[in-house]
Amino acid sequence: MGTWQDIFAVKIADMHLTEPWTLQEDDTLQVHVLKPGWKEFVQRRALGRFQCSQCFHEWSSAKVHMLFHMSRRRGQGTVWMRAFRQACRRCPNPRLEEPEFSQETMERLLHNLVLKILKYFYHVPVQPSDLLEVVVDALVTGPHNTACCEGCQLGVCSVSQRLAPALDAWEPLMDADKARTHHTLKRQGMRPYATPTHHPSPFGSNFPWKCCCCIGSSFLSVLAVLLFILLYFTKK
């Protein structure tokens with residue numbers, strides 16, 4: 001599997017950027033703390049895997065955050081990146097462990113990074129739909145443990161908390177997503193899924209159905225008596 005620097009160099013070449021760009025790691029990066037002329041990109045909800053260096057417990061998280069700071073000066077670009085760590089929830093005094101990513105996740109993260117570089121420094125129009133979603137290829141369940149997350153302790157996760165619940169598991173399709181899917185299917189000439197409409201039942205608590213049943217039973221009883229009398233006198 002290639003390194004971050006190797007994959008980044010390939011992505012830069014794929015976008016036909018002739019200026020040199022370098023990628024380096026920096027564990028001291030802070031969100032929204034930038035030098036003049038620098039730009040920031042935060043990739044949220046990437047899938048990472050961890051292993052405790054003390055008890056060797058392994059776990060996965062779909063809320064690993066990646067922070068990128070980038071700058072371009074005198075025809076040369078520089079990117080600093082930071083992957084936020086997590087601690088083991090089983091150990092009493094755990095250490096912060098570095099995440100590990102699959103090759104596909106690394107490629108998607110750096111693809112999105114290069115698109116941000118094109119947008120910020122080369123004025124290339126980039127739409128949100130151009131960014132690749134980081135695929136979660138493992139079953140991740142349970143709530144996100146904020147006490148063991150370095151990003152939460154530094155306020156990174158709290159920024160995305162307003163955008164999505166703090167869960168490592170996938171969330172069901174929300175109304176806004178359904179609306180976007182409906183619009184996409186309609187635009188492609190496909191029939192959107194039908195949204196079930198709720199119709200109030202006539203047997204709800206506010207409908208006097210017991211009274212109606214009693215009246216109906218009494219009416220049938222009277223009708224039966226009249227029919228019997230009519231038949232009796234007809235035979236005579």
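A residue counts as buried under 20% relative accessible area, as exposed over 50%, and as partly exposed in between.

**The overall picture**

What you are looking at is a predicted model. The protein has six helices and six strands, and from the N terminus on they run α-β-β-β-β-β-β-α-α-α-α-α. Of its 236 residues, 33% count as buried. The protein exposes about 15,900 Å², with carbon and sulfur atoms supplying 59% of that area. Take the contacts between residues at least 6 apart in sequence: 67% of them join residues at least 24 apart.

**The strands**

Start with β2 (residues 39–51) and β3 (residues 58–73), which run antiparallel and are joined by ten bridges.

On to β1 (residues 21–25), which pairs with β4 in the parallel sense over five bridges. Trp21 sits opposite Gly77, a residue of strand β4 (residues 76–83). Is Gly77 buried or exposed? Gly77 has a relative accessible area of 0%, so it is buried. Setting aside neighbours within four places in sequence, Gly77 is in contact with Pro20, Trp21, Thr22, Ser71 and Arg72. Thr22 is 55 residues away from Gly77 along the chain, yet their C-alpha atoms are separated by 6.4 Å.

**Salt bridges**

How many salt bridges does the structure hold? There are four, and here are three of them:

| Pair | N to O distance |
|---|---|
| Glu19 and Arg72 | 2.7 Å |
| Arg85 and Glu150 | 2.9 Å |
| Glu104 and Arg108 | 3.3 Å |

Glu19 and Arg72 meet through their side chains. That pair links distant parts of the chain, with Glu19 in the loop between α1 (4–14) and β1 and Arg72 in strand β3, 53 residues apart. Arg72 counts as partly exposed, at 33% relative accessibility.

Arg85 and Glu150 also meet through their side chains. They too link distant parts of the chain: Arg85 is in the loop between β4 and β5 (86–87), while Glu150 is in helix α3 (residues 150–153), 65 residues apart. Arg85 is partly exposed at 22%, whereas Glu150 is buried at 8%. Arg82 joins in as well, linked with Arg85 and Glu150 in a network of salt bridges.

Glu104 and Arg108 both lie in helix α2, four residues apart, which is about one turn of the helix. Arg108 is partly exposed, with a relative accessible area of 22%.

Helix α2 (residues 103–122) has 20 residues and reaches 27 Å from its first C-alpha to its last, close to the 28 Å expected. Just after α2, His123 takes a positive phi of about 55°.

Finally, find Phe228 in helix α6 (residues 209–235). Phe228 counts as exposed because its relative accessibility is 58%. Together with Val225, Ile229, Tyr232 and Phe233, Phe228 forms a nonpolar patch on the surface, with about 540 Å² of accessible area in total.

Technical notes:
Residues numbered from 1 in each chain as written. Predicted model: local features only at pLDDT ≥ 70, side-chain atom pairs only at ≥ 80, totals over all residues. Heavy atoms only, no water. Helix = DSSP H or I, 4+ residues; strand = E, 2+ residues; numbered from the N terminus. Expected span 1.5 Å × (residues − 1). Patch = residues over 30% accessible without salt bridge, like charges linked within 9 Å, V, L, I, M, F, W, Y side chains within 5 Å. Areas by Shrake-Rupley, 256 points an atom, 1.4 Å probe, with all protein chains shown as cover. Buried < 20%, exposed > 50% of the residue type's maximum accessible area, 1.4 Å probe, protein only. Pairing = 2+ DSSP bridges. Contact = heavy atoms within 4.5 Å.
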